[in-house]
Amino acid sequence: MRAIAKLTPGPGLQLTEVPVPTPGINDVLIKVKRTSICGTDVHIYNWDSWAAKTIKPPMVIGHEFVGVIEEVGANVQGFRRGDLVDGEGHIVCGVCRNCLAGRRHLCKDTKGVGVNRDGAFAEYLCIPASNAVLVDPAIPLDVLSCFDPLGNATHTALQFDLVGEDVLITGAGPIGCMAAAIARQAGARKVVVTDVNPDRLALAKRMGATRTADVSKETLAEVQKSIGMKEGFDVGLEMSGNPRALNDMIDNMAHGGRIALLGIMPAAAAVDWNKVVFNMLTIQGIYGREMYETWYKMTALIQSGLDISPVITHRLPFTEFQEGFDLMRSGKSGKIVLSWE
Ligand code: NAD
Ligand code: ZN
């Protein structure tokens, strides 16, 4: 089968020929229909320091996908050939305290599809059946291929009650833009999205932000004033991975404000902890999605009208993956969906 892989250490990716994986007794083999490119895939493409220490080539990459079940292992129940499925990209150990308690998103030993084992940028993908998720075939395939990052956005945005709250989202990447749409749908009052990239801010506006702000041109204090806010934001969703954005957020929260941190900082980021103390802020780190409550919630949000399709800016056949990665690296795209059909 054809697959997009990192064959040797160093920058770049290659379209290559690898054997179709053989499912074990607890696995499902999935014929991939669509995949979408994640920032993580771009880190792997670029071969930055994180990728160099984490990725063990040769390896097929990718973890955002939708496909149909082709084959089920002998022990597998609940899936049949032809079922349309997404996949949870975090494979958990199943035996640690959190896993045994059903808190699988808190597993101490998570392994990533397309990060620690062969991934989804291929004609076929093999994963444990416990990681496959039946999806609503009424939802467009392109949207279903983005459920993994939509899950990050949903899990982060729904961390705290948003009804009537004023929300600050730092970072208008695909995840920040999806979070803006979710926050609106979940009943937030003001949803302010910041970035330093005008294309991305325009996307956030299309996705329902009530106000966008280019923080290289105006401060959040000025933004608050311009929209009649006096006491700061109630909820903050950090989705840029930029330490400056986190500090801006901390400076602009209401007393007792709640912050969910999804963005991955490049290195240890300094914070004035006294602001957290005296402003009595709650900070919650977020990794991945809840298995499978987030999958349930995001499906229900879409079934009740959430539209994330504007975040998909490009659609390409998988053979043109290089163009997709070039676009992602330029910062001029939202989600890029590759078709494997
Ligand atoms: P992205 O890189 O596409 O978007 C980040 C955005 O932040 C960019 O548009 C960038 O211009 C903007 N930005 C840069 N500096 C800024 C500043 N000072 N203020 C405001 N915005 C600024 O990323 P994405 O795919 O949307 O993901 C969002 C973040 O979440 C990334 O840091 C990613 O690594 C992280 N992530 C975390 C998890 C997790 O499980 N914790 C999962 C997926 C992604
Ligand atoms: Zn575990």
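Me: What covers the buried residues of helix 7?
Reply: This is a predicted model. The cover over the buried residues of helix 7 includes helix 6 (174-185), strand 12 (191-195) and strand 13 (211-214).

Me: Which residues of helix 7 are buried?
Reply: Arg-200, Leu-203 and Ala-204. Helix 7 itself runs over residues 198-206.

Me: Switching to the ligand. Which residues come nearest to ligand 1?
Reply: Gly-171, Gly-173, Ser-240, Gly-241 and Ala-245. They belong to a set of 27 residues around ligand 1.

Me: Which elements each supply at least two residues of that shell?
Reply: Helix 6, strand 12 and helix 9 (243-251). The largest share is from helix 6, with 3 residues.

Me: How do the shell residues divide into nonpolar, polar and charged?
Reply: There are 11 nonpolar, 13 polar and 3 charged residues around ligand 1.

Me: New topic. Which residues does UniProt list for "binding site"?
Reply: Cys-38, His-63 and Glu-64, from an unreviewed entry.

Me: Why do they gather at one spot?
Reply: They span 27 residues in sequence, but no two of their C-alpha atoms are more than 8.0 Å apart, so they gather at one spot.

Me: Where is Cys-38 found?
Reply: In the loop between strand 3 (27-36) and helix 1 (39-46).

Me: Is Cys-38 buried or exposed?
Reply: Buried. Cys-38 has 24 other C-beta atoms within 10 Å. The cut-off for buried is 20 or more.

Me: What does Cys-38 touch?
Reply: Leaving out residues up to four places away in sequence, Cys-38 touches His-63, Glu-64 and Pro-149. His-63 and Glu-64 are also on the UniProt list.

Me: OK, now His-63. Where is its place?
Reply: His-63 lies in the loop between strand 4 (59-60) and strand 5 (64-72).

Me: Does His-63 count as buried or exposed, then?
Reply: Buried, because His-63 has 25 C-beta neighbours inside 10 Å.

Me: And what does His-63 touch?
Reply: Not counting residues up to four places away in sequence, His-63 touches Cys-38, Gly-89, Gly-112, Val-113, Gly-114, Val-115, Gly-119, Ala-120 and Asp-148.

Technical notes:
Residues are numbered from 1 along each chain as its sequence is written. Chains are lettered from A and ligands numbered from 1 in the order in which they are written. This is a predicted model: local features need pLDDT of at least 70, side-chain atom pairs count only at pLDDT 80 or more; totals for chains, interfaces and linings use all residues. UniProt positions are given in the numbering used here, feature names are shortened, and annotations may be inferred rather than shown by experiment. Helices (H or I, at least four residues) and strands (E, at least two) are DSSP runs, numbered from the N terminus. A residue is buried if 20 or more other C-beta atoms lie within 10 Å of its own, exposed if 12 or fewer, and partly exposed in between; C-beta atoms are placed from the backbone. Two residues are in contact if their C-beta atoms, placed from the backbone, lie within 7 Å. A residue is near a molecule or strand if its C-beta atom, placed from the backbone, lies within 6 Å of it. Ala, Val, Leu, Ile, Met, Phe, Trp, Tyr, Cys and Pro count as nonpolar, Asp, Glu, Lys and Arg as charged, and the others, Gly among them, as polar.
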